[in-house]
Each structure stands twice: as C-alpha cells, then as structure tokens.
Amino acid sequence: MTVAPHLDPANPFAAASELPYGLPDFSAITVAHYAPAIRAGIAAERAEVEAIAANPEPATIENTIEALERSGALLHRALTVFYNVSSADSSDELDAIEEELTPELSAHQDYVAMEPRLFAKVSAIAEQIDAGDLEVDPATEYLVREMLRDFRRSGVALPAAEQEELRSINARLAELGAKFGRILLAATNEAAVLVDDVADLEGLPEDAVAAAAQAAADAGHAGGYLIELQLPTQQGVLAQLARRDVRARVHEASVTRGLTPGEHDTRPVLLEIVTLRAKRARLLGYDHHAAYIAEDGTARTTDAIMGMFEPLAPKAVANAKREAADLQRAVDADTPGEQLRACDWAYYSEQVRRERYSLDDSLLRPYLELNTVLEKGVFAAATALFGITFERRADLLGYHPDVRVWEVFDADGRGMGLFLGDYYTRPSKRGGAWMNNLVDQSTLLGELPVVVNNLNIPKPPPGEPTLLAWDEVITMFHEFGHALHGLFSAVRLPSQSGTEVPRDFVEYPSQVNEMWAWEPSLLAEYAVHHKTGEPMPTEWIETLIASRLFNEGFGTTEYLAAALLDQAWHQLAPEDVPTSPADVEAFEREALERLGLDFAPVPPRYRTSYFNHIFAGGYSAGYYSYLWSEVLDADTVQWFEENGGLRRENGDAFRAHVLSIGGSQDPVAAFSAMRGRAPSIDPLLARRGLAGETA
C-alpha cells in the first residue's frame, strides 16, 4: 500500500479504500480529514506532473498521456468525496474548507492546464500521429486531440502577463461559484413558508401535511407547518394548495430568492461572475463566454444554439397562451373577475387535467411509493433492457443515514459497480437532482464505478411511506439514466469515463431513460397502492399516457425562458454587464421581452437570482443542453419504438453504441452509428406539440 507524501497514514484518503469497489470509508472520514488530504493531493499531483513535464525522454503515450491519466489519484479521491458531501450534506465547517481551499485548487488546475512542457509533449505526440509515425487506438487519438484543444482553451499560448491575469480570474470565479451556492442554499432555507393553521394547507395530501409538520418541528417551529422550497420556480405544492393567498405566498417566496439586499442577496455575486467570465472569454479570443462554452460542446457555435431555439420560442408561447385560456376559464369559475397568475398555473392546470383526462395527481400518489417505484420500475427497466440486477448492501455505509447502497451485477453475474441512492431533502442539501461519481471506471487503473443519485423528496415522519408526485417518478428515472451512463462505462482512460462527455450531450442518456416510466408493462408492476397492493386502475394508466402532451406549452416556455436567459447573460461583453444589483431584474425582463418570452403566467424555470445551474452548477451558457440533448433523446425513443421497445436486444445496442463509450469518441457520430442516420428534430417537435405550430 503506497501512502501519499506529507499525509498522515491514518487519514482515510491516504490510500485507496479497501472496501468493495473502492467505496470511500464514510465511517472513518471526518471533516478534519478533507483539508490535509486535498493539500497533500495537490502537492502529490504537482510532483507527478513535474516529473512528466521534465522527463528528457521523447514523449510517448505511456510516459505522457497514460502518466497524466494516472496522476492525481489522491487529490481525485479526496475531492470526489468532498464535493459530493458538501453538496448533499453540507455544514458550516465544510463551507469554510471550500472557501479556504478554492483558490489553491484553482491555482493548481491552472498550473497543469498552462504547463508549456506538457503542451509541447502532447503536441509532439499529435504530430507523430498526423505523420503516420505513431499508430494509436481511436480512443487515445481522440483524447490527444481533445487535450490539445483544452490546452489552448486554458490559455497555454497566452503571453505571461495575460496568463497571470487569467489565473487571477479563474481563482476569483472559483470562489464566487462556491459563494453563490452557499448564499442560495441559505436563501432557499430562509424562504421556506411557515404556516400556523393547518386549514391553510387545504388540498395537500395527508402525507405532505405530515412532512410539513415534521419539517417545522425539525426547524424549531413545533405546532406549525413548514413548506420547504425546491430549486425551480414552480413549487410542487402549488398544484394542490387550494387557498390562493397561500399559493401566492409560496410563489412569491420562490421567485424572490436572492433578491433581498443583505446576506442572502445573490446579485452582487452573479454580476461579478458574469463580468469575469466575459473578460476571460475576451482574453482567450472569444466574442463572449457563450461562444467559449459552445465550442466545447456538440453545438460548436452560439449561432447554432440560437438558430434552433429562437424559432421555437414564439411557437411555445403560442401553445402556452392557448393553455392559459383554458386555465382562465377555471379561474373564472372559482373567482370571477380574477386573472390567471403564475401562482395559479399548477393548481388550475391540475383541475383542467383532472376534468379533461379524469386524472388527479393526488389520487396517483398512493400508487407511487418510492421503494416500489425504484425496485419494480427503475431497476426493473434496467434489468429488462440490459440484464443487470441489484442487491442491497446494508453492510456498506453512505455519507448520510438516508443513503442506501446497492451492488450492481451484469447479466453474467459479474459485479460491475455500486449504486448509492440519496432521495430525501434536508436543509444541508442543495436543491435539485443530480448524479455524481465516487469512483470512475477505468481499465487503465483497474477501477469499477461507484455512482450516486441525489433527489430532494420531502421525507415523511418515521414509519410513514414516501409517496411520490408523477414528476418525482420521472426525475427518478432521469437521474438513473445518468447512473447507467456511469455504471456501463467500459473505457481504458479515466478522463473518458461515463459521463465525461460534452455538456450538451450528457443529458441525452438520462432523458432517454425517462421513457420507461411510461412503459405500460412496468407501470402495472410499480404503480400499486402502498397499502392494498392493488395496481393502479388500467384506465388511469391509459389516461396518464394519453395526457403526455398536456401542458407542454408551459413546459417548453418555462424551459426556453431559462435557457435563453442564460444565453443573454453570457453573450454580453464585459462593458455591457449591469453594474448595479438593482439592474438585474430589469436586464432579465428586457431579455425575455426581446426574445418574446415575457408571458407573466409562465416565468422562467429559473430566474437569474436563483439560477444555480449557471452560476454554481457547471451549466454556464450551457442550460440549452437539456433541449439540445432532447433532439437525440426523442429520436432515440422513436428508434426504440420502431424496434419493439423494452427488449434486451435494444438495450444491448444502446449500451454498446452510447452508454459504454463515455467520452472516448465523437458522441454524435456514435448516435448516428446506432440510428443509421444523422439526428432529426422532427420527433422532438412532435413530442413538444410544436410540429406544424405557428406563433
């Protein structure tokens, strides 16, 4: 066992974990272990990189490319755990460590990315490949090309003075991204709506009322009811709360997060982030930050992004306005003379859906119990498609008591990795849903994957079942699609493992996996009453499937508003960024008006002040990627349907062409190889109800 230099051997990160699949030993890890391990990891990787760069031997795949892939093991071990825990179970101590170490990590990343000797060595290897003097496998050649581009995008060719400026910008941006996330988490917790009278919760199911009471008690408000906020603008409870004044309170709390001057104001931070990103882009020779990001995706240019999305905006809004007219009639029946507002949309949409399709989301919930959905829906779909199976490992611990661990076995019985599920919301967890890797698959390193899914489902009182809304079911399938991308990775080099693909491609496999939530044969198994075991009535399932296009105008409009708002901020030149926090809302309003997306009943899925994806979550100028990926998703769903749907042969083909290759080849070319042609937007337009649509 090799112990990292300058690190106490008793530190759990000093050597690779001896637990199955390298699962971090969370029972041994304490807050005190992170900073020493990360600092030792920085020192160790710097020494490793220096040895590679200073090697007098001619550059080869082994002494340069593979050596770089092997470097930084300690730092990677410590950071994957640290970032996972700091996002899923944060604390003041973890926040302080992140704030302290972020500048050091940024400087280290810049050291590697701007090391001219490494760049020269990788360039020499590329020249050998181009000249035909060196034969390499396609995945290695692909990596060499990507490394060269990354070096250039990191500023390796800039003059020394400009490199120093770039390092300063990168360090500050790293600090600001972490700071935005901390402020937003605090603002979201602070904005939770406290209700004193249970009558104000009229319409909420009993389990949701119990969860609100438990949340209030946990927060020190015994006898009250606390409605905790989710990250998006629309809050799930708005579909059920019967009292308009309470809906208005919840909606107002949601849309004003980060807008109040003081310690929970995100605007000064986000404005500095936008300004520095614009300055960095200019320094690197790009028109703006959005152009810099687009080049690194499959889109390549902002013209391509805007060319797809801008024409969709008026069509989506036209759909949303027709839907609004239907909802207004429901409002008129309830409160004549009142106009439909954003806080009303979910509530009256549910009424119209119930009337039109005889479907009530509150009636569905008793049939959608978390464990049953997971085991007989999410896991069962993966078993049917790929032959994989899951075994609960109660002997293996996660980073929080709510985390559960499963071992995953391939069709031949071979163990292929671990899956961790962390489904409940808590004040220490950031909003939203996501997938992380704790261990990356790599045959070079002899490692198999360990992946995590995080959701934010309200936790019921002890002994009560966790009943899901339909959107939460879809989210479970979605995030498990990311998990499959990590679990099925079959690559040699760790930097190409699993979800290490372009940002505007990474959502594609997860979106495809959503289709199995609607699969009738699976619904019959996982949609069963949590008390009686009776299956959801067949007519309800048929109605649920028939209602899939319902409210698509709203869904597309709120998404496009957020995606194009992201582009608007990140297509600014440095001198055009607003300088006053008071100007943030005006910029947002003007941008939406210019794009034709200023429809008050349908605000953006994320407003600027709580747009965690783009200011702290790695999606800057990249929120477009969800819909961009959905082009491939919708086309792939059509491919599955044309080939018989939930069949093992289809799963094996999807695994071979897409899920197993990670970032080892061009992803769109891989899709085209499976599909037999280039992607088509037509299936997406049909899915979104936009085929033949005019504004």
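Search the whole structure and you get 48 salt bridges, a salt bridge being a side-chain nitrogen of Lys or Arg within 4 Å of a carboxyl oxygen of Asp or Glu. Bear in mind that this is a predicted model, where local features need pLDDT of at least 70, side-chain atom pairs count only at pLDDT 80 or more, and totals for chains, interfaces and linings use all residues. Residues are numbered from 1 along each chain as its sequence is written, and side-chain values use heavy atoms, with hydrogens and water left out.

| Pair | N to O distance |
|---|---|
| R329 and D326 | 2.2 Å |
| R426 and D422 | 2.6 Å |
| E649 and R647 | 3.4 Å |

Take R329 and D326 to start. Both sit in helix α13 (residues 312-334), three residues apart, or about one turn of the helix; helices here are DSSP runs of H or I with at least four residues, numbered from the N terminus. R329 counts as exposed because its relative accessibility is 52%, while D326, at 22%, counts as partly exposed. The cut-offs: buried is under 20% relative accessible area, exposed is over 50%, and partly exposed is in between (1.4 Å probe, protein chains only).

Now for R426 and D422. Both of these residues are buried, and they also belong to a network of salt bridges that links D89, D402, D422, R426, K429 and K459.

Notes. Helix = DSSP H or I, 4+ residues; strand = E, 2+ residues; numbered from the N terminus.
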